[in-house]
Amino acid sequence: MIGGLFIYNHKGEVLISRVYRDDIGRNAVDAFRVNVIHARQQVRSPVTNIARTSFFHVKRSNIWLAAVTKQNVNAAMVFEFLYKMCDVMTAYFGKISEENIKNNFVLIYELLDEILDFGYPQNSETGALKTFITQQGIKGQLQTKEEQSQITSQVTGQIGWRREGIKYRRNELFLDVLESVNLLMSPQGQVLSAHVSGRVVMKSYLSGMPECKFGMNDKIVIDKQGKGGATDDAGKSDLGGGSGKQSIAIDDCTFHQCVRLSKFDSERSISFIPPDGEYELMRYRTTKDIILPFRVIPLVREVGRTKLEVKVVIKSNFKPSLLAQKIEVRIPTPLNTSGVQVICMKGKAKYKASENAIVWKIKRMAGMKESQISAEIELLPTNDKKKWARPPISMNFEVPFAPSGLKVRYLKVFESKLNYSDHDVIKWVRYIGRSGIYETRC
Amino acid sequence: MISGPFCVLQENRQFGSKMTDSKYFTTTKKGEIFELKAELNSDKKEKKKEAVKKVIASMTVGKDVSALFPDVVNCMQTDNLELKKLVYLYLMNYAKSQPDMAIMAVNTFVKDCEDPNPLIRALAVRTMGCIRVDKITEYLCEPLRKCLKDEDPYVRKTAAVCVAKLHDINAQLVEDQGFLDTLKDLISDSNPMVVANAVAALSEIAESHPNSNLLDLNPQTINKLLTALNECTEWGQIFILDCLANYTPRDDRESQSICERVTPRLSHANSAVVLSAVKVLMKFMEMLPKDLDYYGTLLKKLAPPLVTLLSAEPELQYVALRNINLIVQRRPEIMKHEMKVFFVKYNDPIYVKLEKLDIMIRLASQANIAQVLAELKEYATEVDVDFVRKAVRAIGRCAIKVEQSAERCVSTLLDLIQTKVNYVVQEAIVVIKDIFRKYPNKYESVIATLCENLDSLDEPEARAAMIWIVGEYAERIDNADELLESFLEGFHDESTQVQLQLLTAIVKLFLKKPTETQELVQQVLSLATQDSDNPDLRDRGYIYWRLLSTDPVAAKEVVLAEKPLISEETDLIEPTLLEELICHIGTLASVYHKPPSAFVEGSRGVQHKRLPGSAGSGESVDSPETTSTAGVSDAPPAVIPSQGDLLGDLLNLDLTPTTAGPPPPAPSSGMQLGGMDLLGGGLDSLMGDESEPLGGDLGGTPAIGAGFGAAPAALPASFSAPVSGGLDDLFDLGGGVGMPMGAYSPPKSVWLPAMKAKGLEISGTFARRAGVIQMEMTLTNKAMSVMTDFAIQFNRNSFGLSPAGPLQVLTPLSPNQSIEVALPLNTSGPVMKMDPLNNLQVAVKNNIDVFYFSCQYPISMLFVEDGKMERQIFLATWKDIPNDNESQFQIKDCHLSSDAASNKLQGSNIFTIAKRTVDGQDMLYQSMKLTNGIWVLAELRIQAGNPNYTISLKCRAAEVSQCVFQSYEAVLKN
């Protein structure tokens, strides 16, 4: 198991050090600093073995978190724990920075004591932790016996993510379907790989211990239901805008720990008692029938040794009534670029020498439109034999629909003990599609 | 007193003004310790707390504040929980350096363990476990015992981990105090988190006690764990799944039902839960019959979650990729359609890129090769030198792996050479050499292009590759002599690799074009033999020189001999290691691709985990647990009596077969037999028998683990041959050739495929020649290097077969060469019942490694020449043996007359004692005797015109009947 945990600043100075096992000495702290933080080369692996001691590290801005062990630990668990620890710290004091860590070092030690015992991760749900570890010092003195046992049963209990007795005057919930669409396209316009990774984020303000059931247009479920009447054919051709598709094939999905996995496995129904406040209900991945909101058509021509001509066309491919926002096209330029002239029809384009790219920004763009940029790039003559690697043209955007075609069909809330019903709950659903890694090779 | 780490933090003084905690990092004044001392003893609570915070801050940056120990401990008795926690933190750090003073704290701990607040009780027991002072541990026992039975689950779950802590400090104490039993009871606790922590603690304790049967996993506990799995935290699920992976289900049905209950975990958001679930499934899948529908379903279910892992954070992607690399080697079918997800993204971290590339090559097949090549070509233009090189190398590997793509690969490589990027060119030349070695005489047209780049090669590997190409194809390169001569100029500055290659290439050239290159060859020979200090180079030089001067024709045959083709398997992980790594999915071992023993110190991790045997195989005899459970239900005596006991048995004429022979050997007893134990460890793995890791049987003990690891070194000693061994062997060989006996010997079959033994292929058979049992083998070297130092050893087996002498392979076995060996056997080796009875597990060693295989010998080989029983005795014995021991078999499609059959059988020492004819049916009464003195009596009924014979066998040891029947069938039909 984890033998020790260290937090360093960018210089390699220790901000937090907690040793859980005897086999980890103080010299481990220095070993990591010397071999990883101060290493001359770029880090080649997130796991480093130095003198039979293994170091797992993750970096958040310029803060290094390192877990140390001498045993054959579950590596995936260690990384998951480090991420979780970052989440917990962020939930307590915001951004992970040197200043915040120093300001909260007592709190961090306290948290570490609670969430990692002898190197074994324990309950690390922020909701539960906040009931008895706070920044204003520890609660505990003032608690009644009932409160104490409620805390302990929540921390250890089956529903560790929610406490009892929550009350809202207005029962309300927000569902955000957030998708990032990823694309790798060849210069000729052939899709090399495309997938959508989506998240359903829920903000719940519900009283009591509500039992929820979430439904979406999952192909497997729809097909099962559709067996009675043939309703499946309609709307399949309606791709533009992505609203009409009846069902989508989900490659894989994972759920927050509140979801009853065995029930999903057997009936494919998603039922759960949600945590209070914001959390990520599920993640999913689709690869079939993805609506690619934009198409990038590049044209790069080398004119002699000192000049490049670049022309890029973007086409929006969704319902004309919808608007895409925050569109940004990034066209890489060679390192020996001396000057760039750009002409674009829409938006603003600028050559950013520090980033070796032409950045073209468009605030808004409706569906089924097309826009173009052309640039002349002057190059300094070099005797460098190495060819320019031609990094792909990347794109950023935001669209108000789910590129996977996912639709929320229902979210039912049942709370038998309190006097509100599913109809009384105010529900909001929003779809946002963003670009993930959206690249076209040129 | 005031030292380094403090000063560097000074810049943060500015935050002090904000009255936040960061100010504690900034105190760097002189006399600080004194000040702190005063503050710690202050009456004001706030001041005290501030002072303790300062102390902790100093501790964090590595400053020694142990001098304040008594003062800090004095602050411990407080109602302020925050202060208390800080003091505890201090204690955990310094108690060890001040053990006497640490005792001062004990009272408070004991008192806190009685506190009405469960959070405080848990805090006390948690902290006490972290204070690693022997004296304190004694005081810890009572509070811990109470806390383990506390009414509050939070306290119980903390106490469970505390047992593991205490065990780490004083294992004996934990055992004496009976904490282990209490911990076991917690597995049945009503609270899932308590169960999970108890499992984690027990697993850890069990790891350092491979012999104890601590985690006594049986279907009941498994069921409890599976129930808790649905309810506990993500971390608890990981503990439980990792523990489940150590269990070996009894049969495929149990295996399937566990798999069914584990698969829902594949949808968990926590990647570690997913990977641990994959581990359990990959392992238990081994037990499922492949034709089962569920097996296919399971295979299909595994791919999507593995792909999903690739959208996690990069560090986790890396862990996932390292594991997928193992999974695709073990079960390529799982990911075969997922090639695209391994395409490299431009801003993947380099460690992710390199791993993806590796998996791409493993998944490359004829179906997807076009796409893969297009990708690889893209990668070869990237910036990161390592990545580019690997991409170029990957193109070469594709060419070797997928024959149809070779041409395209070569042209892609040529394109890359045209880029003139130095390291790309060099890498390309290295892989083109390999392509030539796989497809000789096919792509020579590219040589001209390669030669153009001769000057840019500055890396030894690339230079050596180029020289090899020039030498190999010297007859087609007009200016080969000039090219090689140009390399010769700086001969002494070259690395050994290049020098050796140059020497060989020039000799090749000379043999191909002797007239023009005499001078060149003399030059290189003298450079190599006279001016070089390198013994390898000198040796090679002399050999060539002598070969050339004595027999140029022989030289030609040697130097220009046809070379074996290279294969793509060279980069696969060796199968036994792969199996072990599959059992470690998700852990560091799977990330390093090394067994835990390679990087974990001490007793932990030396246990070699293995995959369970495939469905239906009853190879679990070795596990004490299965024997005991199996023993209850179907209870034939599980042992072949040893010689002495059998004789005694015969004399006593004991009628009850169940008491025959000694009690079953304790599974571990055999391991004490000196030379055998290192084999035992290895052979177990051959059996694919997942030994109960906590059950304390064969493979589990550290001693054997170590022995196994050291096997290559230790083997020769245990093989030390008797002096007469060689002579015996000669004699036996002579006998074998001179006296053709009628004894049946089955045709040779492949026992050890080359793929599993790094190129060594062994096929063989058994024969009985002139009363001597022989193992006749053909050893073939399909690898590229010479094999020497052969030795052989058997595992204990049912009839005590063991080699009568060493394995006689006198000359080294060169590539593509085969050698016939006959190994005489005796039956005086150690005995252990095998399943099947005639199974023989063999270890063969050579200079490369030790390999294990098993084979089955025809039992007729063990029939001795004096197996003819007196008629009277036969009759008496026939009656004497209870009817329960009689078994009947049918031999079908046999067209021999009874006399012919009798003659044929006699050749294999099955003697006909009497013949009776009743109603046209011939009844042959026959006897045979096994080497260990067991008599087998037979009645063979042959009806004229009916090709189906009926045979009844009677024997005191009824389990041999099946094998005897098989021998009958084999003898009669051949």
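The following dialogue explains how several descriptions of this predicted model were reached.

Author: In this predicted model, local features need pLDDT of at least 70 and side-chain atom pairs count only at pLDDT 80 or more, while totals for chains, interfaces and linings use all residues. Residues are numbered from 1 along each chain as its sequence is written, chains are lettered from A and ligands numbered from 1 in the order in which they are written, and side-chain values use heavy atoms, with hydrogens and water left out.

Reader: What makes B:Cys141 count as buried?

Author: Buried means under 20% relative accessible area, exposed over 50%, and partly exposed in between (1.4 Å probe, protein chains only). B:Cys141 has a value of 3% and is therefore buried. B:Cys113, at 7%, is buried as well.

Reader: Why is A:Ala51 called exposed?

Author: Its relative accessible area is 66%, which is over 50%, so A:Ala51 is exposed. This residue is found in the loop between strand E3 (47-50) and strand E4 (53-60) of chain A; helices (H or I, at least four residues) and strands (E, at least two) are DSSP runs, numbered from the N terminus.

Reader: What is noted about phi of A:Ala51?

Author: Phi of A:Ala51 is positive, about 50 degrees, although the residue is not a glycine. Most residues other than glycine have a negative phi. B:Asp893 likewise has a positive phi, near 55 degrees. B:Asp893 lies in the loop between strand E9 (886-891) and helix H41 (898-907) of chain B and counts as exposed at 55% relative accessibility.

Reader: Where is a cis peptide bond found?

Author: A cis peptide bond joins B:Asp835 and B:Pro836, with omega about -5 degrees. Most peptide bonds are trans. B:Pro836 lies in the loop between strand E6 (818-826) and strand E7 (839-845) of chain B.

Reader: What makes a set of residues a nonpolar core?

Author: The members are buried Ala, Val, Leu, Ile, Met, Phe, Trp, Tyr and Cys residues joined through side-chain atoms within 4.5 Å. The largest such core has 285 residues, of which A:Phe56, B:Tyr90 and B:Met335 touch the most other members. Helix H2 (residues 75-93) of chain A gives the most to this core, with 14 residues. A second, separate core of 63 residues includes B:Ala783 and B:Tyr949.

Reader: How do you know that B:Asp358 makes a polar contact with B:Asn325?

Author: A polar contact is a pair of N or O atoms within 3.5 Å; within protein, one must be able to donate a hydrogen and the other to accept it, and residues adjacent in sequence count only if both atoms are side-chain atoms. The side chains of B:Asp358 and B:Asn325 are listed as such a pair at 3.4 Å, so the distance falls within the limit. B:Asp358 is found in helix H20 (residues 350-363) of chain B and counts as buried at 12% relative accessibility.
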